[in-house]
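The following exercises concern an interface between two chains.

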Amino acid sequence: MEIETETQAGVVVLRPKGRVDSNSARELEEALLPRFDAPAPVLVDFSALSYISSAGLRVLLLAARRSKATGTALGLSGMSEPVAEVFAISGFAKLFRIWPDAEAALAELAAG
Amino acid sequence: MTALSLTLVNDLAEVGRLAEAVEAFCEANELPMGAAHALALSLDELLTNTISYGYEDGATGRIEVSITLAGGAATAVVRDDARPFDPTGAAAPDLDAALDDRAVGGLGIHLVQSMMDEVGYVRRDGVNEVTLVKRLDG
């Protein structure tokens, strides 16, 4: 997995590429969790992600808790069908703000 | 090739190797994408669990994974010499819990139970044997 990071319209966009599994979840954790110490909204765009396991869900749960604790907004976008299925089965879909693509997410997250 | 057989050690790096092998096998046999993903994810979750929690620190484990295609279904069997663990007896996590109360433990096994058509378990001669069946008829 690789993680591309950029800032768009004042929103920090993290774009993990490939697979988030028990091997790579720590990389996502290290890239994502410190972002909630700053005020800029955070978008995790899954458009280049083919796979996520429960190890990746754990990291996103931690991120959602950090977001709630510090008030830095968190959004998710661009889920492929397998990734969306994992979010649905795990009941995680209702714990996050999820947009079909990064563009739609950015428009709302940037507006605050 | 309508069967896949792999022997792994108890190192999380093996999860990636398994994923590649399962993906290549599913592709070569033209399995439907949904079934291929369900198999890959389920095997990942089982292996991750076993490797993370099944062995004493420093112990060397041996895990055998096989997949066979027959009768319109893919059947995967995982055999390991880790401590006894029955995934069919694991309690489902509370999927409606609020953010602060959500537990991550048990989520992987819940994914396996949801994505597979059958999950079987037997402990014999000091070996856990988990059988997963995924029907391929859509």
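**Exercise 1.** In which helix of chain B is B:His37 found? Determine also whether the residue is buried or exposed, and list its contacts beyond its sequence neighbours.

*Solution.* The model is a predicted one. Step one: B:His37 is found in helix H2 of chain B. Step two: the relative accessible area of B:His37 is 10%. The cut-off for a buried residue is under 20%, so B:His37 counts as buried. Step three: once neighbours within four places in sequence are set aside, B:His37 is in contact with A:Tyr51, A:Pro82, A:Glu85 and A:Val86 of chain A, and with B:Met115 of chain B.

**Exercise 2.** Characterise the extent of the interface between chain B and chain A, and state which residues of chain B lose the most area to chain A.

*Solution.* Step one: the contact involves 26 residues of chain B and 23 residues of chain A. Step two: the two chains bury about 2100 Å² between them, and 61% of this area is on carbon and sulfur atoms. Step three: on the side of chain B, the greatest losses of area to chain A fall on B:His37, B:Leu99 and B:Arg102, which together account for 29% of what that side buries.

**Exercise 3.** How many salt bridges does the rule find across the interface of chain B and chain A? Describe one of them, then the make-up of the side of chain B that touches chain A.

*Solution.* Step one: the rule finds two salt bridges across the interface. One of them joins A:Lys94 to B:Asp96, with 3.2 Å between the closest N and O atoms. Step three: helix H1 (13-28), helix H2 (33-53) and helix H3 (107-115) of chain B each give two or more residues to the side that touches chain A. That side comprises 13 nonpolar, six polar and seven charged residues.

**Exercise 4.** Where does B:Val15 lie, and which residues does B:Val15 contact beyond its sequence neighbours?

*Solution.* Step one: B:Val15 lies in helix H1 of chain B. Step two: its relative accessibility is 1%, so B:Val15 counts as buried. Step three: apart from neighbours within four places in sequence, B:Val15 is in contact with A:Asp21 and A:Ser22 in chain A, and with B:Asp44, B:Leu47, B:Thr48 and B:Ile51 in chain B.

**Exercise 5.** What confidence values accompany the model?

*Solution.* Chain B has a mean pLDDT of 94, and 99% of its residues reach 70 or more. For the complex, the predictor gives an ipTM of 0.93 and a pTM of 0.94.

Notes. Residues are numbered from 1 along each chain as its sequence is written. Chains are lettered from A and ligands numbered from 1 in the order in which they are written. This is a predicted model: local features need pLDDT of at least 70, side-chain atom pairs count only at pLDDT 80 or more; totals for chains, interfaces and linings use all residues. Side-chain values use heavy atoms; hydrogens and water are left out. Contact means heavy atoms within 4.5 Å. Buried area is the accessible area (1.4 Å probe) that two parts lose on being put together, summed over both. A salt bridge is a side-chain nitrogen of Lys or Arg within 4 Å of a carboxyl oxygen of Asp or Glu. Helices (H or I, at least four residues) and strands (E, at least two) are DSSP runs, numbered from the N terminus. Ala, Val, Leu, Ile, Met, Phe, Trp, Tyr, Cys and Pro count as nonpolar, Asp, Glu, Lys and Arg as charged, and the others, Gly among them, as polar. pLDDT is the predictor's confidence in each residue, from 0 to 100. Buried means under 20% relative accessible area, exposed over 50%, partly exposed in between (1.4 Å probe, protein chains only).
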